[in-house]
Amino acid sequence: MNERNLKDLLYQEFARVGKSLSSPKRLEILDLLSYGPKSVETIAKTTAMSVANVSQHLQTLANSKMVKSKKQGNYVIYELADEEISTFLESLHSLAEKQLVQVQQIKREFLNEQFGIEGVSLPELKKRMERGEVMLLDVRPKEEYDEAHIPGAVSLPIEELREKLASLPTNCDVVAYCRGTYCLMSVEAVELLQARGVKAFRLEKDVRDWMEFEKKGIK
């Protein structure tokens, strides 16, 4: 095999991965799975797709070795095939945000100023948690909290927050977080808390950001 044939075969395989990522919905599925394994039904509910469509997208991703599956009772559970895929997705988001004005504009609509919600940084959050000044709420689904969460965070899925508002303390500030910049569950949580008179803030970062922050020892 000569060099030209070798390169043709190699880039053909690279393109195979690229083709599997050409669908916005498949990218959303990968983002969702980066927070932990999920059933086809859960993915369908979260992405507002039919189970049939989700299954087709998952099959495409499985064919390019981006996801893997296992049987759990009556359900098929999917997860990322490798942790490196999460790193790739973060790089893709960063590149798109840097290169595409449209992404920058969309992100601004997700930022705190649009909602009149104050944010909090990771260093500030850590200091305030160490001083016992804030309660940190993880408003993602319970299974994502169980998979990984910021130490000290209390699991209170957004679906349960409204009915449990009365049980939350009103004598300390509350910080809510979910899946990062492009997730609005934490925004909804802060709005609910503020409506009850609680001083609440949004953490724009997610669990992976916290882990990276801790690993680097940023002050």
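**A parallel sheet and its helical surroundings**

In this predicted model, strand β6, which spans residues 173-177, runs parallel to β7 and is joined to that strand by 3 bridges. Within this pairing, Val175 has Phe201 of β7 as its bridge partner. Helix α8, formed by residues 122-130, packs on the sheet and touches β4 (134-138), β6 and β7. The direction of α8 makes about 120° with that of β4.

The sheet as a whole is open and consists of 4 strands in the order β5-β4-β6-β7, with parallel pairing. The edge positions are held by β5 (154-155) and β7 (200-202); each has a single partner strand, so one side of each is left without a neighbour in the sheet. Strands of a sheet pair through backbone hydrogen bonds, either parallel or antiparallel.

Leu192 lies in helix α11, which covers residues 185-195. This residue has a relative accessibility of 12% and therefore counts as buried, the threshold for burial being under 20%. When residues up to four places away in sequence are not counted, Leu192 touches Ile158, Leu161, Arg162 and Leu165. Between the C-alpha atoms of Leu192 and Gln56 the distance is 37 Å, and the two residues are 136 residues apart in sequence.

Burial was also examined in helix α2. In this helix (residues 24-33), the buried residues include Arg26, Ile29, Leu30, Leu32 and Leu33. Viewed down the axis of α2, its buried residues fall within an arc of 160° and therefore line one face of the helix.

Conventions:
Residues are numbered from 1 along each chain as its sequence is written. This is a predicted model: local features need pLDDT of at least 70, side-chain atom pairs count only at pLDDT 80 or more; totals for chains, interfaces and linings use all residues. Side-chain values use heavy atoms; hydrogens and water are left out. Two strands pair if DSSP finds at least two bridges between them. Helices (H or I, at least four residues) and strands (E, at least two) are DSSP runs, numbered from the N terminus. Contact means heavy atoms within 4.5 Å. Axes are lines fitted to C-alpha atoms, for helices over the stretch in contact, and angles run from 0 to 180 degrees between N-to-C directions. Buried means under 20% relative accessible area, exposed over 50%, partly exposed in between (1.4 Å probe, protein chains only). The arc is that of the directions from the helix axis to the C-beta atoms.
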